[in-house]
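Let's take a friendly walk through a protein chain and see how its parts are put together.

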Amino acid sequence: LQQLQSELGSALYAVQLDVTDKASIATMLDSLPQDWRDIDVLVNNAGLALGVAPAQNASLEDWETMIQTNINGVLYCTQKILPLMVKENNGLIINPGSVAGEFPYLGGNVYGATKAFIHQFSMNLRSDVLGANIRVTNIEPGMCETEFSIVRFNGDEDKAKSVYQGMKPLTADDIADTNIVTGK
């Protein structure tokens, strides 16, 4: 973010917060400079997967961390920002999901479940804002080579690279280049 801030200057206002902490989200919103308070785009991009053990061997702590980040983080940010969008009758909410929310794989137990939640939550949000100038989208990419697998395997880069062996995965740039129609 610091590099992007140096490139974009005053066109970007970067903040760091813990999306699993409701109070930090409220504090961040309250501390925004006046020119940055009219939020019209929310990208709920915080998310992670931890481990690939089958459910009977998985870590309950990892499951709880994925739920806190992938589900509660989206809920907390949306609940604070959506009312601002409704008040202004303008907004775009982007909820990155995953094909893992619809297609199971060995060890994808809770991660896939969190992404299924994102899919359903996005569809229900669309119903809730029907008639308003607010759009909700759920991008569900497939295999995308980012730091995602490095986090999943606790920093083991070799293990992370093996996930993409024999294939050409998407990149972060591929996802960023996805056209999202905002109607503006």
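## Ground rules

This is a predicted model, in which local features need pLDDT of at least 70 and side-chain atom pairs count only at pLDDT 80 or more, while totals for chains, interfaces and linings use all residues. Residues are numbered from 1 along each chain as its sequence is written, and side-chain values use heavy atoms, with hydrogens and water left out.

## The chain as a whole

The protein chain has seven helices and five strands. Here helices (H or I, at least four residues) and strands (E, at least two) are DSSP runs, numbered from the N terminus. Along the sequence, these elements follow the pattern α-α-β-α-β-α-β-β-α-α-β-α.

Of the 184 residues in the protein chain, 33% are buried. Buried means under 20% relative accessible area, exposed means over 50%, and partly exposed lies in between (1.4 Å probe, protein chains only). The accessible surface of the chain comes to about 11300 Å², and carbon and sulfur atoms account for 53% of that; accessible areas come from the Shrake-Rupley method with a 1.4 Å probe, and for residues only the protein chains shown count as cover. Among contacts (heavy atoms within 4.5 Å) between residues at least 6 apart in sequence, 66% join residues at least 24 apart.

## Helix H3 against H4

Two packed helices are described by the angle between their axes and the distance between the axes. Axes are lines fitted to C-alpha atoms, for helices over the stretch in contact, and angles run from 0 to 180 degrees between N-to-C directions. For helix H3 (residues 60-88) and helix H4 (residues 109-128), the axes come within 8 Å and cross at roughly 15 degrees.

The contact residues divide into 13 nonpolar, four polar and one charged. In this scheme Ala, Val, Leu, Ile, Met, Phe, Trp, Tyr, Cys and Pro count as nonpolar, Asp, Glu, Lys and Arg as charged, and the others, Gly among them, as polar.

## Helix H2 against H3

H3 also packs with helix H2 (residues 22-31), at an angle of about 35 degrees and with the axes 9 Å apart. Lys22, Ile25, Ala26 and Leu29 of H2 meet Tyr76, Cys77, Lys80 and Ile81 of H3. This contact has six nonpolar residues, no polar ones and two charged.

Threonine 69 sits in helix H3 and is buried, with a relative accessible area of 14%. Not counting residues up to four places away in sequence, threonine 69 touches Val19, Thr20, Ala46, Gly47, Leu48 and Val74. Its C-alpha is 9.3 Å from that of threonine 114, 45 residues away in sequence.

Glycine 108 is in the loop between E2 and H4 and is buried at 5% relative accessible area. Glycine 108 and valine 52 are 56 residues apart in sequence, yet 6.1 Å apart in space, C-alpha to C-alpha. Asparagine 89 belongs to the loop between H3 and strand E2 (91-96) and is partly exposed, with a relative accessible area of 40%. Most residues other than glycine have a negative phi. Asparagine 89 has a positive phi, near 55 degrees.
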